[in-house]
Amino acid sequence: MSRSFVALSLAVSCLALGGCKKEDPKTPEYWQSSLEGAKRPDDKVRVIESLRTSGNVNEQFLPFLHARLSSERRPEVKAAVARTLGDLHHPTSLEPLTAALDPGASDVPAQQVNKAVVGALGRIG
């Protein structure tokens, strides 16, 4: 009886664990979920920088990054997104990056965003 109980418990455990979907870090959904889980701006920057250096960033990330660039309010996070877009060198990023520029920026954080955006635009060409 104990063997059948152990076997049943093991089978249920395998099914339960197999049913848990583990996200793939090569997908935008994984990084979006990680970014949404980060509460502080420093944590969000860390997630974006991890994405940037992960080697997983490719063209399928562009819609996610473009949307994040336009919706992000925190300048340090916006700058990290701009740097990531610059690393991709994709021409579709020109418009979102140009829209993110703030020519009237007077405070240092906004100027840092402009610097990151201009750097990204320069890398794209």
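**Exercise 1. A residue in a loop**

Where is the place of His89 in the chain? Find its location, its backbone angle and its exposure.

Solution. The model is predicted.
Step 1: His89 sits in the loop between α5 and α6.
Step 2: The phi angle of His89 is near 55°, which is a positive value in a residue other than glycine.
Step 3: His89 has 44% relative accessibility, so His89 counts as partly exposed.

**Exercise 2. The chain as a whole**

How many helices and how many strands does the chain have?

Solution. 
Step 1: There are seven helices and zero strands.
Step 2: Read from the N terminus on, the order is α-α-α-α-α-α-α.
Step 3: The chain has 125 residues, and 34% of them count as buried.
Step 4: Take the contacts in the chain with a separation of 6 or more; 59% of these are between residues 24 or more positions apart.

**Exercise 3. The buried side of α2**

Which residues of α2 are buried? Decide how they are placed around the helix axis and what they pack against.

Solution. 
Step 1: Pro28, Trp31 and Leu35 are the buried residues in α2.
Step 2: These residues lie on the same side of α2, because they cover an arc of only 70° around the axis.
Step 3: On the face of α2 turned away from the buried side are the exposed residues Glu29 and Gly37.
Step 4: The buried residues of α2 pack against α3 and α4.

**Exercise 4. How α4 meets α5**

At what angle do the axes of α4 and α5 cross? Describe the crossing and the residues that make the contact.

Solution. Two packed helices are described by the angle between their axes and the distance between the axes.
Step 1: The axes of α4 and α5 cross at roughly 145° and come within 9 Å.
Step 2: The crossing of α4 past α5 is left-handed.
Step 3: From α4, the contact is made by Leu62, Leu65, His66, Arg68 and Leu69; from α5, by Lys78, Val81, Ala82, Thr84, Leu85 and Leu88.
Step 4: Sorted by class, this contact has seven nonpolar, two polar and two charged residues.

**Exercise 5. A lysine in the contact**

Is Lys78 buried or exposed?

Solution. 
Step 1: Lys78 lies in helix α5.
Step 2: The value for Lys78 is 16% relative accessibility, so Lys78 counts as buried.
Step 3: Not counting residues up to four places away in sequence, Lys78 touches Leu69, Glu72 and Val113.
Step 4: Lys78 and Leu65 are 13 residues apart along the chain, and 9.8 Å separates their C-alpha atoms.

**Exercise 6. The largest nonpolar core**

Which residues of the largest nonpolar core touch the most other members?

Solution. 
Step 1: The core holds 28 residues, and Leu65 and Leu97 touch the most other members.
Step 2: At least two residues of this core come from each of α2, α3, α4, α5, α6 and α7.
Step 3: α5 gives the largest share, seven residues.
Step 4: Val118, in helix α7, is 21 residues from Leu97 in sequence and 8.2 Å from Leu97 in space, C-alpha to C-alpha. Val118 is partly exposed, because its relative accessible area is 48%.

Note on methods
Residues numbered from 1 in each chain as written. Predicted model: local features only at pLDDT ≥ 70, side-chain atom pairs only at ≥ 80, totals over all residues. Heavy atoms only, no water. Core = buried A, V, L, I, M, F, W, Y, C linked by side-chain atoms within 4.5 Å. Buried < 20%, exposed > 50% of the residue type's maximum accessible area, 1.4 Å probe, protein only. Helix = DSSP H or I, 4+ residues; strand = E, 2+ residues; numbered from the N terminus. Axes fitted to C-alpha atoms, helices over the stretch in contact; angles between N-to-C directions. Left-handed = near helix turned anticlockwise from the far one by under 90°. Contact = heavy atoms within 4.5 Å. Nonpolar A, V, L, I, M, F, W, Y, C, P; charged D, E, K, R; others polar. Arc of directions from axis to C-beta.
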